[in-house]
Amino acid sequence: MADPIWLFILCMVLGSVVGFLAGLLGIGGGLLIVPALSALLVHFNVTDVEHVLVIAIATSLASILFTSTSSALAHHRNQNVPWEVAPAVLFGVSSGALFSGFMASYIPQQGLKTIFALCVMFIALRMIYSSHRATSSRPMPSDVVILGSTSVLGALSGLIGIGGGALLVPLLNYFSVDMKKAIGCAAVSGIAIALFGCLGYIASGWQVQDISDGFVGFVYVPALAGIVATSWFTAPYGARATHYLPVSHIKKIFALLLVIIALRMVFS
C-alpha cells in the first residue's frame with residue numbers, strides 16, 4: 001500500500017481517538033493531534049524536521065475549525081453562550097491567533113516545542129488538580145482588559161494548535177461567568193482561534209510549502225481530511241460514554257500521558 005494511503009488511514013485512526021476523547025473529557029484535540037501528527041509527518045517523509053511542528057499545529061487548528069463549529073452550535077441552542085461577553089472575547093482571541101499564525105514560522109523549532117510543552121503541562125496539571133469550586137463573585141473587567149488578556153490566550157492557543165477552552169474557561173470563570181456559559185463562550189472562541197490562526201498559517205506558509213504536494217500554506221490537507229473524517233463522528237460516542245466510564249480517573253491518566261508526551265517532545 002502506498003505511503004500516502006497509510007498516512008491517511010493512520011490520520012483517520014488518530015481522528016477517531018481524538019474525537020472520542022474530546023467528547024469524553026472535554027479536551028481540545030490539538031493536545032494529542034500535534035505530537036502524534038508530528039511523528040507521522042516525519043515518519044512518512046512528508047516534510048523536513050524544521051517545519052514539521054508548524055505544519056502539525058496548522059493542521060490541528062484546521063481540524064478544530066470543524067469540531068468547534070459543531071460544539072458551538074450545540075451550546076448556542078442550549079443558550080450557554082453569553083453574548084454580552086462574547087464579542088470582546090472573540091475579537092481578542094481572533095487578533096491573537098492571527099498574529100501567532102504569522103509569527104510561528106519565525107520562532108525556532110526548539111522554542112516552539114518548549115512553548116507547546118509548557119502549555120500542555122499547565123493544562124495537564126490543571127486537569128489533575130482541578131476542583132469544583134463555585135463561580136466567584138468578581139465583576140467582569142473593562143473591555144480593554146478582556147481584549148488584552150484574551151488576545152494573549154488566543155495567541156498561545158494558536159501557537160500550540162488548540163481551541164483555547166482549557167485556557168479561556170478558567171479566565172471567564174474567575175470573572176463570575178457561570179461554568180456552562182464559560183464553556184459555551186470558549187466553544188465559540190474555538191471557531192475564531194481556528195479560523196484566524198489558520199489564515200495566519202496559510203499566509204505565512206504559502207511560499208514555503210507547495211500546493212501540489214497537498215499543502216495549503218502550512219496546512220497539510222490529506223492529514224486534515226483523515227482526522228476530520230472520523231473525529232466528527234466519534235465525539236458524540238465519547239460524550240455518551242461519560243455516563244458509564246470513570247471520567248475523573250481517565251482524565252488524570254490522560255493528563256499524566258500529556259506530561260510524558262510534552263517532556264518527550266522537548267528532549268527528543
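**Figure 1. Contact between helices H4 and H6 in the predicted model.** On the H4 side, the contact residues are Ala88, Val89, Phe91, Gly92, Val93, Ser95, Gly96, Ala97 and Ser100. They meet Asp143, Ile146, Leu147, Thr150, Ser151, Gly154, Ala155, Gly158 and Leu159 of H6. By class, this contact holds 9 nonpolar, 8 polar and 1 charged residues.

**Figure 2. Crossing geometry of H4 and H6.** H4 spans residues 86–103, and H6 spans residues 143–160. Their axes come within 6 Å. The crossing angle is roughly 40°. H4 is therefore oblique to H6. The crossing is right-handed.

**Figure 3. Helix H5 against H6.** H5 covers residues 109–129. H5 and H6 pack at about 115°, with axes 9 Å apart. The two helices are therefore roughly perpendicular to each other. H5 passes H6 in a left-handed crossing. From H5, the contact takes Leu112, Ile115, Phe116 and Cys119. From H6, it takes Leu156, Leu159 and Ile160. The class count is 7 nonpolar, no polar and no charged residues.

**Figure 4. The largest cavity and its lining.** The structure holds 1 cavity of 30 Å³ or more. The volume of the largest cavity is about 50 Å³. Its lining consists of Val85, Val89, Met140, Pro141, Ile146, Ser149, Thr150, Leu171, Leu172 and Phe175. H6 and helix H7 (165–174) are the elements that give two or more residues to this lining. H6 gives the most, with 3 residues. Which classes make up the lining of the largest cavity? The residues divide into 8 nonpolar, 2 polar and no charged.

**Figure 5. Helices H7 and H8.** H8 runs over residues 179–205. The axes of H7 and H8 come within 9 Å and cross at roughly 140°. H7 is therefore oblique to H8. The crossing is right-handed. By class, the contact of H7 with H8 has 9 nonpolar, 3 polar and no charged residues.

Conventions: Residues numbered from 1 in each chain as written. Predicted model: local features only at pLDDT ≥ 70, side-chain atom pairs only at ≥ 80, totals over all residues. Heavy atoms only, no water. Axes fitted to C-alpha atoms, helices over the stretch in contact; angles between N-to-C directions. Helix = DSSP H or I, 4+ residues; strand = E, 2+ residues; numbered from the N terminus. Parallel < 35°, antiparallel > 145°, perpendicular 65-115°, else oblique. Left-handed = near helix turned anticlockwise from the far one by under 90°. Contact = heavy atoms within 4.5 Å. Nonpolar A, V, L, I, M, F, W, Y, C, P; charged D, E, K, R; others polar. 1 Å grid on protein atoms, 1.4 Å probe; cavity = no way out; pocket = protein on both sides within 12 Å on 5 of 7 lines; lining within 4 Å. Points joined across faces, edges and corners; volume = space filled by probe spheres on them.
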